[in-house]
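Trainee: I am new to this structure and would like to know what stands behind the words used for it. Could we go through a few of them together?

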Amino acid sequence: MIPKIILSRGPRATRRLIGYLFGKGTANEHIDSHLVASWNGFAPDPGRSPHRDPRQVEDQLATQLDQPIKMLGNRAPKFTVWHCPVRAAPEDPILTDAQWAEIARRIVAAAGIAPDGDDEACRWVAVRHADDHIHIAATLVRQDGRRPRRDHDIRAVQREARKIEVDYGLRRLKAGDGTAAKRPTSKEVFKARRLGQDVTSREILRLRVRRAMAAASTEAEFFALLEAIGVDVRPKTEPSGDVTGYSVSLLGDVNKQKEPVWYSGSTLAGDLSLPKIRKRLATTAPEPVAVRPDNPWHQATAAAERIPDHLIHSSDAVAQGQLDALGGVLDLLPLTAPAAAQAELDKAAVAFERATRSRITADHASARALRRSIQTIWKNPARSEDGTGLAMLLDVALTAVAYATHWHRIRQHAQQQAAAEQALVHLQTAYAQIARPVLTGLADRAPSRQTRHRYAYHLRQAVPEHAERILTDPAWDALATVLAEAEAAGHNAATVLDQALNHRTLDDVHSPARALTWRIRRLGERHAPGPRAQAAAARHSAKRPATSLPVTSLAPDLYKGHQH
């Protein structure tokens with residue numbers, strides 16, 4: 001159940017709201033508008049007065065609601081109308097008028113508008129004009145002339161809504177922390193439906209602005225990218241000439257006057273304001289071009305692979321910065337993926353967006369390497385070659401999202417935890433779509449049986465506890481192929497395999513051969529060391545125990561679907 005508080009002002013604010021609630025709506029969506037409850041139980045009802053002109057009854061109702069305000073004259077408050085739509089989830093049962101009436105009384109009591117048993121409280125009405133929601137309209141002067149005590153009414157109403165969900169068996173939403181992006185309004189939703197769109201302009205703009213922010217290295221590039229992807233930009237310029245903000249509009253999205261509909265960055269999401277975008281861009285300024293730049297897919301994978309360790313051992317600020325950067329990765333990956341996987345990756349990015357924000361201030365500088373590498377990938381996605389780069393990056397992203405779920409859970413970030421869980425489901429589907437053909441292609445190039453037997457012998461010597469799982473894994477032939485390719489590039493196959501095994505435990509993976517395939521592919525593409533270096537690495541590898549970051553102990557239910 002979703003309540004939302006809106007304040008209004010002006011001499012006709014109450015009359016305008018009553019007219020809207022009992023009118024046809026912007027798309028004729030209002031049906032059988034009528035009162036279900038009121039402050040005194042017998043307020044005039046424009047929807048249930050068949051022998052009177054409805055507009056006259058609306059005038060009468062607005063006048064009665066406004067009476068305490070009129071009595072104060074010039075001492076009336078700036079905002080005079082308190083409007084709270086309360087909407088049930090689509091899958092919830094249809095509630096009766098009596099049930100909605102009780103819900104309305106609980107909401108106004110929780111908000112301080114009309115506490116239980118207070119006969120001098122504010123005047124209010126609850127109007128129903130659809131099966132799934134009501135509107136509560138109240139005036140913000142009590143009948144005794146005092147102001148209502150509604151400190152923190154938004155949080156109080158949300159807390160009461162969570163209790164109502166339990167009492168009425170409705171869909172239980174997660175408690176929020178005030179950092180969620182603003183939901184589309186009813187008008188925006190109806191407009192999208194009328195135009196045949198699945199999502200609103202607000203949601204489309206939010207995703208496009210996030211993608212531009214993830215892809216840009218400078219402010220000028222950020223605005224240029226927005227315009228290139230069909231977004232009009234209107235900077236907010238002060239008299240001094242300084243740009244302090246911006247608004248965006250989707251091409252073709254106009255109001256009744258055929259004027260563009262503008263949204264400021266901060267109203268799309270709190271972290272999309274220009275000051276916050278500038279802070280983030282300051283950590284991704286382009287570096288001098290290296291003589292031999294590394295593979296950006298490997299760089300991004302290595303940076304994303306460190307996220308679980310940051311979530312466990314680093315400060316909350318660093319961890320939050322890592323999650324924000326991971327969100328940027330997920331925003332851009334659909335643009336680099338095969339068409340068949342783009343839909344699931346888009347859904348994962350939209351879902352994980354909620355998991356990138358909390359009350360914790362992010363340390364963006366800590367994730368500089370990940371941001372820069374994903375920008376390089378976006379600018380030149382062809383370097384993924386056969387899709388291996390995308391598959392290996394998704395592999396570690398799945399682990400990072402699983403850890404993000406646990407990180408939010410132990411900090412009681414309920415909405416963020418649920419968002420990460422949802423994102424993980426979509427990522428698993430996309431990963432399967434992308435990894436399957438890559439692994440099949442590798443398996444088709446598997447080395448000879450004799451070579452595979454040699455690798456198998458070393459596996460049994462190095463990790464006897466996992467050897468049979470690896471050798472019977474469907475991805476074993478793909479693993480043998482990347483070992484052979486590493487050997488052909490000048491690496492010692494046994495040494496590379498030892499390095500991959502010691503990199504991280506295999507205890508919590510469902511497909512150890514698949515996990516090792518991605519690790520060895522990255523190691524095999526590095527410059528091959530000389531004989532002495534290989535010998536030293538082998539001695540070090542024999543002494544070094546495998547490090548473990550136990551995902552299964554942190555997020556057991558989520559990690560079951562993570563098929564390496």
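Trainee: What share of the contacts in the chain with a separation of 6 or more comes from residues 24 or more positions apart?

Mentor: Happy to start there: the share is 74%. Keep in mind that this is a predicted model. Its chain has 24 helices and 9 strands, and buried residues make up 51% of its 564 residues.

Trainee: Why is the pair R48 and D32 called a salt bridge?

Mentor: The cut-off is 4 Å between a side-chain nitrogen of Lys or Arg and a carboxyl oxygen of Asp or Glu. In this pair the closest N and O atoms are 2.8 Å apart, so R48 and D32 form a salt bridge. The two partners link distant parts of the chain, 16 residues apart: R48 sits in the loop between β3 and α2, and D32 in the loop between α1 and β3.

Trainee: What makes R48 and D32 partly exposed?

Mentor: Partly exposed covers what lies between buried, under 20% relative accessible area, and exposed, over 50%. R48 has 44% and D32 has 45%, so both count as partly exposed.

Trainee: How do you know that R87 and D132 form a salt bridge?

Mentor: Their closest N and O atoms are 3.4 Å apart, which is within 4 Å, so the pair qualifies. R87 belongs to strand β4, while D132 is in the loop between β5 and β6, 45 residues apart. With relative accessibility of 25% for R87 and 31% for D132, each of them is partly exposed.

Trainee: Why is E165 called buried?

Mentor: Its relative accessible area is 1%, and buried means under 20%, so E165 is buried. R162 has 15%, so R162 counts as buried too. These two form a salt bridge, with the closest N and O atoms 2.8 Å apart. Being 3 residues apart in helix α4, they are separated by about one helical turn.

Key. Residues are numbered from 1 along each chain as its sequence is written. This is a predicted model: local features need pLDDT of at least 70, side-chain atom pairs count only at pLDDT 80 or more; totals for chains, interfaces and linings use all residues. Side-chain values use heavy atoms; hydrogens and water are left out. Helices (H or I, at least four residues) and strands (E, at least two) are DSSP runs, numbered from the N terminus. Buried means under 20% relative accessible area, exposed over 50%, partly exposed in between (1.4 Å probe, protein chains only). Contact means heavy atoms within 4.5 Å.
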